[in-house]
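Here are some friendly notes to read beside the model. Take the points in order and look up each residue as you go.

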Amino acid sequence: MNSSDTEILRGILAQHGFTRADDPAGADVILLNTCAIREKAEQKIFSRLGEIKALKKTRDSERMPVCVGVIGCMAERLKDQLFEQKVVDIVAGPDAFRSLPGLIHLFTQGRDGEDNDLINVQLSTEETYADVRPVREVGAVSAAVSIMRGCNNMCSFCIVPFTRGRERSRPAASILAEVKQLHEEGCKEVLLLGQNVNSYADLSGSERASTGNEASTSYYAEGFSSVYKPRREGAIPFGELLEAVAKAVPEMRIRFTSPHPKDFSDEVLQVIAKHSNICKNLHMPAQSGSTRVLSGMKRGYTREAYDALVERARALMPEIALSTDIIVGFCGEEEEDHQGTLDLLRTAGYDQAFLFAYSKRDKTHAARHLQDDVPQDVKMRRLNEAIHVYKEVLTARNQAEVSCRHLVLVEGPSRRSPSILTGRTCTGKRVFMCDEEVSSSYGPSQPRRSAARMQPGDYVAVDIISATGSALQAKALGVTSIAEFVDLHGSTVVSAQDAACQPPGLAVAAYAEC
Ligand code: SF4
């Protein structure tokens, strides 16, 4: 979210004539876009402010004083502490980016000071920055498009509803226009973003007729509920937006994050299953494998309901890759609850998991009403056990990928070596392959064309040749497209068995080490 917000912020500043400096020392304004979800992220910002303080001191006295701003979630949460640092000049919350040019102007006029803090941390119920054209890296293969902001869920451990405010969705028409433009500019993948992305509900076209069941619990996945009853009459829901985007740009991959499991209704799952360009990796944050702990977390579902959702998703899309967030050591978590979480990690079969030990966040329900009673050493032990189980499962899942065939979107040279390219499968798996010449065509009906080097943004058919716990190594077979690969194989993932029966002309004689 924060990277996308930074791009939006760059868009706003560009509209007001600001240009990007090459480094902090050359800048007249330094803005730190912050996250408050975890304490560690906040600590990093305070240490960064220490570095900036030193930089401020060595500033050439001939130049205007550098203006330092802290923006985003942390700004909202810790505004007083930030000003106490004596290095911060401006504080602006995530809904106040539009006021930054004005705040910077006031700073240049010398209008800051003890009684005149330059601050705007007002949260909005409407701001979506729908009309702002984000300034992105030129030529990027992938782009993030913000579709909604805020979260209404009020999970008991989470600070986000306090720092990001209530849910609001951007009009679908503006999202579609931005995605189409990205496609025309050569972008190959779009990441639809929102704090609670699949709770998206565009209410801007209120003339739409109600379908009658928008406010009912059937809007949610079976067995899931929410204390908050959102207004849905006449809204364009997430599934409909997703389908419209998928149809508008069939050769562009579509990902989305970060969802809540309750909003994976059957309709949403069916849309994901139906369109080959919607990636088959779902983030399903479980948080815990214990119904008792889930209740304390106010997540709105039981372990059984979560398991059933995973089952429904896998029944519809056997190739699906799942990822999750897990918190261990939450208030009142007993050993039995922890065993439930380990069991979930073993049985759900995650391809990615973000595992954390619980840390109390001020303002939240848990901080105010629950006892943070799991000792730190127990939290750490449970975290290590969870990591161990997850890694075991992941290694086995990656090993099972060997000999499977995937459609990979090439991102560019890897950090390991310029001679190794990296990209991701439709299931979100990181893949590495030699930067070598491959056929510029793939399907058997295509005439054999000359060999060519793979380029960032190419879709290539690959066979997985080996796997570790963290990545897959692949052999590229040829440049292709989503439509061609799916026409040929029926899916963007081909099992090892089916890949072995590959059509004539696609056999690979040997795999070279690069
Ligand atoms: S759904 Fe996610 S962002 Fe919203 S309150 Fe819960 S954990 Fe926080």
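Leaving aside residues up to four places away in sequence, which residues does Ala-476 touch?

1. **Ala-476.** Ala-476 touches Met-433, Val-438, Met-454, Ala-461 and Val-462, with residues up to four places away in sequence not counted. Contact here means heavy atoms within 4.5 Å. You will find Ala-476 in strand S21 (residues 472-480). Helices (H or I, at least four residues) and strands (E, at least two) are DSSP runs, numbered from the N terminus. Ala-476 has a relative accessible area of 5%, so it is buried. Buried means under 20% relative accessible area, exposed over 50%, and partly exposed in between (1.4 Å probe, protein chains only). Val-408 is 68 residues from Ala-476 along the chain, and their C-alpha atoms are separated by 8.9 Å.

2. **What kind of model this is.** This is a predicted model, in which local features need pLDDT of at least 70 and side-chain atom pairs count only at pLDDT 80 or more, while totals for chains, interfaces and linings use all residues. Residues are numbered from 1 along each chain as its sequence is written, and side-chain values use heavy atoms, with hydrogens and water left out.

3. **The whole protein.** Counting elements gives 16 helices and 22 strands. Along the principal axes, the C-alpha atoms fill a box of roughly 75 × 55 × 55 Å. A compact globule of 514 residues would have a radius of gyration near 24 Å, and the protein agrees because its value is 24 Å. That radius is taken over C-alpha atoms, and the globule rule is 2.2 Å times the number of residues to the power 0.38. Of the 514 residues, 52% count as buried. Among contacts with a separation of 6 or more, 72% come from residues 24 or more positions apart.

4. **Around the ligand.** Which residues are around the ligand? They are Cys-151, Asn-153, Met-154, Cys-155, Phe-157, Cys-158, Val-160, Pro-161, His-260 and Arg-299. A residue is counted as near a molecule if one of its heavy atoms lies within 4 Å of it. This shell divides into 7 nonpolar, 2 polar and 1 charged. In this scheme Ala, Val, Leu, Ile, Met, Phe, Trp, Tyr, Cys and Pro are nonpolar, Asp, Glu, Lys and Arg are charged, and the others, Gly among them, are polar.

5. **Two residues with positive phi.** Met-154, which is around the ligand, has a positive phi of about 55° although it is not a glycine. Met-154 sits in the loop between strand S6 (148-149) and helix H6 (160-164), and its 33% relative accessibility makes it partly exposed. Tyr-129 is not a glycine, yet it has a positive phi of about 55°. Look for Tyr-129 in the loop between strand S4 (118-120) and strand S5 (142-146). Is Tyr-129 buried or exposed? With a relative accessible area of 1%, Tyr-129 is buried.

6. **A cis peptide bond.** The bond from Thr-257 to Ser-258 is cis, with omega near 5°. Ser-258 belongs to the loop between strand S11 (253-257) and helix H9 (266-274).

7. **The second largest pocket.** This pocket holds about 840 Å³ of space. Of its 25 lining residues, the closest to its centre are Arg-20, Ala-21, Val-29, Ile-30 and Leu-31. Helix H1 (2-15), strand S1 (29-34) and helix H2 (39-57) are the elements that give two or more residues to the lining. The lining divides into 15 nonpolar, 4 polar and 6 charged residues. On a 1 Å grid over the protein atoms alone, a pocket is an open set of points where a 1.4 Å probe fits, with protein on both sides within 12 Å along at least five of seven lines; lining residues have an atom within 4 Å of a point. Grid points are joined across faces, edges and corners, and a volume is the space filled by probe spheres set on the points.

8. **Val-293.** Val-293 lies in helix H10 (residues 291-297) and, at 3% relative accessibility, counts as buried. Beyond four places in sequence, Val-293 touches Ser-288, Phe-330, Glu-333 and Asp-337. Glu-333 is 40 residues from Val-293 along the chain, with 6.4 Å between their C-alpha atoms.
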